[in-house]
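Thanks for making the time this morning. I would like to take you through one model, beginning with the whole chain and then moving to a few individual places.

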Amino acid sequence: MQPDVAADLDSLNATLTTVEKVMDLDELRSRISELEMQASDPDLWNDQDHAQKVTSQLSRAQSELRRVTELRSRLDDLPVLYELVDAEEGDAKTAAAADADAERADLRKDIESLEVQTMLAGEYDSREALINIRSGAGGVDAADWAQMPMRMYVRWAEKHDYSVEVYDTSYAEEAGLKSATFAVKAPYMYGTLSVEQGTHRLVRISPFDNQGRRQTSFAEVEVLPVVEQTDHIDIDENEVKVDVYRSSGPGGQSVNTTDSAVRLTHVPTGIVVTCQNEKSQLQNKASAMRVLQAKLLERKRQEERAEMDALKSDTGASWGNQMRSYVLHPYQMVKDLRTNVENNNPSAVLDGDLDEFIEAGIRWRMNGDGDA
């Protein structure tokens with residue numbers, strides 16, 4: 001085995017060992033055993049909410065343990081692969097070395113990805129994420145641009161097999177979106193995607209300008225933790241104004257035919273949320289209420305932290321704070337203005353290749369440059 005390979009394997013082992021200590025595998029196995037006992041209780045499903053919580057926690061814990069043990073197994077197998085390389089000659093040796101190097105590179109990426117997840121230890125980091133996207137300055141170009149980051153996040157979620165539930169899409173008159181609200185439904189999505197919050201800036205030749213001039217557009221991305229029953233966000237129904245109206249934009253048979261869309265206005269705070277993507281008014285009201293609860297939870301969290309004088313600004317919480325630029329003309333580049341990560345393939349990034357930006361953002365926040 002080459003000395004540089006041996007040194008790299010030692011480095012991978014050190015990183016994975018640190019991850020294993022942070023995850024506390026003995027404690028994780030103990031928690032799995034306890035949850036398995038609860039899940040096997042024949043009376044568990046008498047309380048469906050509790051049962052779903054237990055089975056969800058069990059599935060998550062089993063997935064975490066399986067992920068780290070598989071990485072350890074792959075790392076233990078790597079020296080054997082390189083021993084096989086040493087035993088080969090000629091073209092076979094070259095091919096075996098290429099396979100071993102590729103596995104080592106893939107393993108480093110997977111270990112570093114897990115290392116990043118261990119940094120998600122905030123109060124709400126383990127939650128699902130609720131994402132709001134709004135078009136900013138730039139007129140029709142901004143509305144067209146707002147649709148692109150929505151697709152980007154949906155494609156990113158699809159690449160990772162995460163479920164997405166769309167609550168509301170408000171279409172602009174000429175093209176694109178005024179706003180959209182959707183949830184990414186998987187554990188740790190809030191901690192993962194919260195670093196995406198802020199203003200996203202696009203520079204391109206406007207497809208809506210008949211003189212072909214360059215246009216700068218802005219989209220605002222807000223990321224909230226999904227509310228759980230334990231959050232105790234009580235909303236007085238007398239303080240919520242409910243308006244119903246006809247859904248707009250593309251949709252199925254129920255869209256544009258009945259007053260099924262719902263707008264909720266929380267009178268004390270002035271917060272307004274809408275939902276129009278479900279088939280019935282009742283479903284839309286329930287979804288809108290979940291979004292309103294998430295916004296009120298975030299408001300409460302910010303107020304509490306401000307009172308403690310421990311609040312720096314959340315990552316990109318100010319819409320004036322540009323956190324990433326997507327340049328399509330006069331050159332091709334996506335650059336994160338906080339971490340300085342760059343990618344010269346905007347098409348791939350806008351198609352969901354976001355991992356390098358997200359992981360760098362989490363490390364940036366963890367190192368104290370952003371809101372921890």
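**Overall picture**

The protein exposes about 19,400 Å², of which carbon and sulfur atoms supply 45%, with accessible areas taken from the Shrake-Rupley method with a 1.4 Å probe, where for residues only the protein chains shown count as cover. Please keep in mind that this is a predicted model, in which local features need pLDDT of at least 70 and side-chain atom pairs count only at pLDDT 80 or more, while totals for chains, interfaces and linings use all residues. Residues are numbered from 1 along each chain as its sequence is written, and side-chain values use heavy atoms, with hydrogens and water left out.

The mean pLDDT, that is, the predictor's confidence in each residue from 0 to 100, is 86 for the protein, and 90% of its residues reach 70 or more.

Of the 372 residues, 41% count as buried, where buried means under 20% relative accessible area, exposed over 50%, and partly exposed in between, with a 1.4 Å probe and protein chains only. The protein has nine helices and eleven strands, these being DSSP runs numbered from the N terminus (H or I and at least four residues for helices, E and at least two for strands). Among contacts between residues at least 6 apart in sequence, 64% join residues at least 24 apart.

**A helix pair**

Helix α2 (residues 25-39) and helix α3 (residues 48-87) pack at an angle of about 145 degrees, with their axes 9 Å apart; axes are lines fitted to C-alpha atoms, for helices over the stretch in contact, and angles run from 0 to 180 degrees between N-to-C directions. Among the residues making this contact are Leu 28, Ile 32 and Leu 35 of α2, together with Val 54, Leu 58 and Leu 65 of α3.

**Buried positions**

What does Ala 288 touch, not counting residues up to four places away in sequence? Ala 288, which lies in helix α7 (residues 281-307), touches Leu 264, Val 273 and Cys 275, and it counts as buried because its relative accessibility is 0%. Asn 284, also found in helix α7, is buried as well, with a relative accessible area of 0%, and its partners, with residues up to four places away again set aside, include Ser 260, Val 262, Cys 275 and Glu 278.

Thr 192, in helix α6 (residues 189-193), counts as buried at 12% relative accessibility, and beyond its neighbours within four places in sequence Thr 192 is in contact with Leu 120, Trp 156, Ile 358 and Ile 362.

**Backbone details**

Most residues other than glycine have a negative phi, and most peptide bonds are trans. Against that background, a cis peptide bond joins His 329 and Pro 330, with omega about 10 degrees, and Pro 330 is found in the loop between β9 (322-327) and β10 (333-336). Asp 161, in the loop between α5 (139-159) and β2 (163-171), has a positive phi near 60 degrees and counts as exposed at 71% relative accessibility. Asn 340, placed in the loop between β10 and β11 (342-343), likewise has a positive phi, near 65 degrees.

Key:
Contact means heavy atoms within 4.5 Å.
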